[in-house]
Amino acid sequence: MTRECAVLLPGVCAALADPRQPGLDDTCLEKLLDWFRSLTWFDPTVELLQDNPCLTELITSVLALPDPSPSILSFTLQLAGILASSESRFQHLQQEKLLGRLFGQEGPRGSTAWEDASVRSAWVKAVHSMVHHQPALHFLCSTGDMDVIFALQGDSSLFVASAASQLLVHMLTFSLESETSKAPSAKDCDWPACAQMIVKHIQESLQSSSASRIEQSLKLLSSLFGSCFGSCYAAWTEVLWLDIAKQIESFLLEETVQAQPLLANLLLNVARSPVFCGTEGSFWALVTSALEHLTPVQAGPLAVGLLKLCKCPQDVRIQALTVLLQPMDCILRAASQPLEYAGLLDESVSDPVTVESLLSSKISCAGLLCQTLTHLEKLLALKHLRVDLPCVSLLRSLMTILQFCNGFLSPTSPLGSTISQNLISCFRVQKSALDVLAALSEKKDCDTLIGSLFDVLLAYLQSPNTSPTVLKKTFQATSKWLVHLQELSCSNSQWQQTEKILEDIFLVLQKRLCSPCWEVRDSSLEFLTAVVKCLRDQKEVRQCLLSSEVLRLTENLLEDPESYVRASAVTAVGHLAFITCFAPESPVTGSQWNKENIVAKLQEILSTDSEGFPRRAVISIFTTWLREGCTGQLEDTEQFVSGVIQTVEHDLDWEVRLGGVELVEVFCSQTICQLSQCPYAPVSSAVTSSTPQNELLQVFCRAKLFGFLFRSLCDCDKPVGQRACDVLIGLRGHFYPMSTLENPQEIEDSPAGRGIAWLQRTLRQGSLNQNFPTDGGDGVDFQDPESMMLALGAIDLLELHDELNKSSDHVEESPQSLLQDILATVGTIEDNEVDCY
């Protein structure tokens, strides 16, 4: 603690204990606690209390108050817990007889203050902070506090109940860590005292007739096995599991027990423990039993979790996959009667009637399918899935679901008819099914169904009943399957099928681009952009695109009344330009889609659009063009970049200005690569005056890059200044080896040097005149190569970089400032105006 803080602390403590003072903001008190946590973390000695007796006086004063406010009492409890986290300070507080008055029966838990949830929560947090040494454990076990913690597991406040459960996990783990040195065996187990109390409580709760106690213990066990206990204390994990396994098994078999939904999470956390990595033992038999006896909704999370485990036995893994596929299998079998295709499964894990009844119910049908589809999407995202997914049958089942949802399939079986009625126009299921459909596009064995698949997708794209959100998902899935179709066409020469599909898609896209709904127009443009990004080099895609009305309609949307749509149109036009303007064959030369017209249109949007989204899209597209070398020769690019940055320099949207800095960064990198002999290495002092270096400086000065970058250093939005500083540091690294930086003292006598010195001072002040002189005096000529070379070498850009990267409250958030603010606040009568950062 600094001397300044030590001087202020007694006044703060006195104010906190004074009931006449107005209450402090809770966030401010939390900041104060954070400060004490940092103090005690680095210094476990008792000196903090001995040197600052005002801390114990604060605790004593608050305990003496007849009716302390909940916020001050909560603060005091947590402060005491933090202070007692080291054994020496714990003993000191014990000698002062404070801990019993805080955490014992005579403390807040025996008063009306205990009725406030914030006080109970603070009590639990304080105990958690304190339990970092043996004396604290013994204190809690001997004062009846354990019973209080057990009771708080069922607190009406979920925050208190959760904190109590976490505290018990911490106490049991710490008890084992600090009191035992030998690993137990299943036959000879002697839990440490505190751990024994917790384990006994768990066992008694599991065997009780109280559903709430059973639920609390199952949650506690789940947290315990999911914590470091399960992975770091393998022997104790096995002992605990053997003690409770029979009871857990009985819960699985008793369908009336309300605790069943919690069992899946518990078993999954136990399965993650190294103890049960092997294929032998009764544990995996219990997991198999759970997959059979839990309902499909309860078993789903357990199944997908097991499939992610590396060391799950293969037979259990196959059974878990079967649980997930069972609803999809039921859908497929219900779609036609007699069965036209084979289902996904040869046999079911649980009774198929259970799944059929859930899908037959209007209430549960969508919920079960959405959960199943979400799990399948997670599995498809895994790089290494240790079971084989029946992708063809799964795809057929997805298509069936989508056809049920839009009413395009009328099954003859009674079950299929019921499911179809349940799913009609069900947006949730449609979106989930389309997500899985998109994920399946990366699988290589679904080619036989691709024609039927696009029929389903086109039906959704064409239907006026498709909601905007579902349409967006349909477009996303379609773009991914188009990529797959293109790969398939290249390998199998199925050009005719591909061409027909593309024609149909671009035809429906034309209609969607004219939709009265702006979300539909926006999704259509995003789809067009995605297709062009992935497939612009494919001849048939270019031909279908250029023969449609898509280009004209997209150009029209640059003037859409909705700014989101204008932004998406800018992005689409920018990527279409790779086909219409920048392609070697120049397919639409002479039309409105030539390079000059497109650039002019986008520049107009950049300078005149009233909304930020379209302007951001323009600067992003310009940067993309520049990266891909589409802006012409160096001289053309120089003029292009110069014009763009002069426009964005005064833009009111900081993201547009930041985009301008990124454009400059790309231009600098590319120009250096073109003009320098070794683009990636700093040049030596022997060649700093060589022609390429001078030419580089002249290019950058003509493009007015330096003025833009130095002004950006003082941008009111810090990210712009940070990025500009990074670019200038990169330029300096190119023009100067570290050993040859200019000495500011030596150059200040020259006219240019005086300007640079003025610039350095101005940058340190954090503000730059927008119309500063450039012809002598204190001005700087940002278009003079010699001056800019001096500026790069003399200005301390690293110092500026450090300043820009400091948080805006790096001074004000100091502990001293916090204490000063508290003292200033408690002296007022008005509402709290403290700056709590």
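1. A residue counts as buried when its relative accessible area is under 20%, as exposed when that area is over 50%, and as partly exposed in between, using a 1.4 Å probe and protein chains only. Lysine 704 is therefore partly exposed, because its relative accessible area is 34%. This residue sits in the loop between α36 (691-702) and α37 (705-712), and its phi is near 60°, a positive value in a residue other than glycine.

2. On the basis of the note: this is a predicted model, in which local features need pLDDT of at least 70 and side-chain atom pairs count only at pLDDT 80 or more, whereas totals for chains, interfaces and linings use all residues. Residues are numbered from 1 along each chain as its sequence is written, and side-chain values use heavy atoms, with hydrogens and water left out.

3. Taken as a whole, the protein chain has 43 helices and zero strands, where helices (H or I, at least four residues) and strands (E, at least two) are DSSP runs numbered from the N terminus. Of the 837 residues in the protein chain, 53% are buried. With contact meaning heavy atoms within 4.5 Å, residues 24 or more positions apart account for 71% of the contacts that have a separation of 6 or more.

4. A second residue to check for its backbone is serine 425, which has a positive phi of about 60° although it is not a glycine. As background, most residues other than glycine have a negative phi. Serine 425 belongs to the loop between α23 (414-423) and α24 (427-440), and with a relative accessible area of 48% it is partly exposed.

5. Two packed helices are described by the angle between their axes and the distance between the axes. Here the axes are lines fitted to C-alpha atoms, for helices over the stretch in contact, and angles run from 0 to 180 degrees between N-to-C directions. Helix α18 (residues 296-308) and helix α19 (residues 314-334) pack at an angle of about 135°, with their axes 8 Å apart. Angles under 35 degrees count as roughly parallel, over 145 as roughly antiparallel, 65 to 115 as roughly perpendicular and the rest as oblique, and α18 and α19 are therefore oblique to each other. The contact includes Ala299, Gly300 and Ala303 of α18 together with Val316, Arg317 and Ala320 of α19. By class it has 10 nonpolar, one polar and one charged residues, where Ala, Val, Leu, Ile, Met, Phe, Trp, Tyr, Cys and Pro count as nonpolar, Asp, Glu, Lys and Arg as charged, and the others, Gly among them, as polar.

6. How are α21 and α24 oriented to each other? Helix α21 (residues 362-381) and α24 pack at an angle of about 20°, with their axes 9 Å apart, and the two helices are therefore roughly parallel to each other. Among the residues that make the contact are Leu369, Cys370 and Leu373 of α21 and Val429, Ser432 and Val436 of α24. By class, the contact of α21 with α24 has 11 nonpolar, two polar and three charged residues.

7. Rings of Phe, Tyr and Trp (its six-membered ring) pair if their centres lie within 6.5 Å, and planes under 30 degrees apart count as stacked, over 60 as edge-to-face and the rest as tilted. By this rule the count comes to 16 aromatic pairs. The rings of tryptophan 191 and tryptophan 236 have their centres 4.4 Å apart and their planes at 35°, so the pair is tilted. Tryptophan 191 lies in the loop between α11 (158-179) and α12 (193-206) and tryptophan 236 in helix α15 (residues 234-253), so that the pair links distant parts of the chain, 45 residues apart. Tryptophan 191 is buried at a relative accessible area of 9%, and tryptophan 236 is buried at 5%.

8. Phenylalanine 225 and tryptophan 241 form an edge-to-face pair, because their ring centres are 6.3 Å apart and their planes stand at 75°. Phenylalanine 225 is buried, with a relative accessible area of 3%, and tryptophan 241 is buried, with 2%. Both belong to one aromatic cluster, formed by Phe225, Trp241, Phe283 and Trp284.

9. A last point concerns serine 515, which is found in the loop between α27 (495-513) and α28 (518-535). Serine 515 counts as buried, because its relative accessibility is 12%. Leaving aside residues up to four places away in sequence, serine 515 touches Val520 and Arg521.
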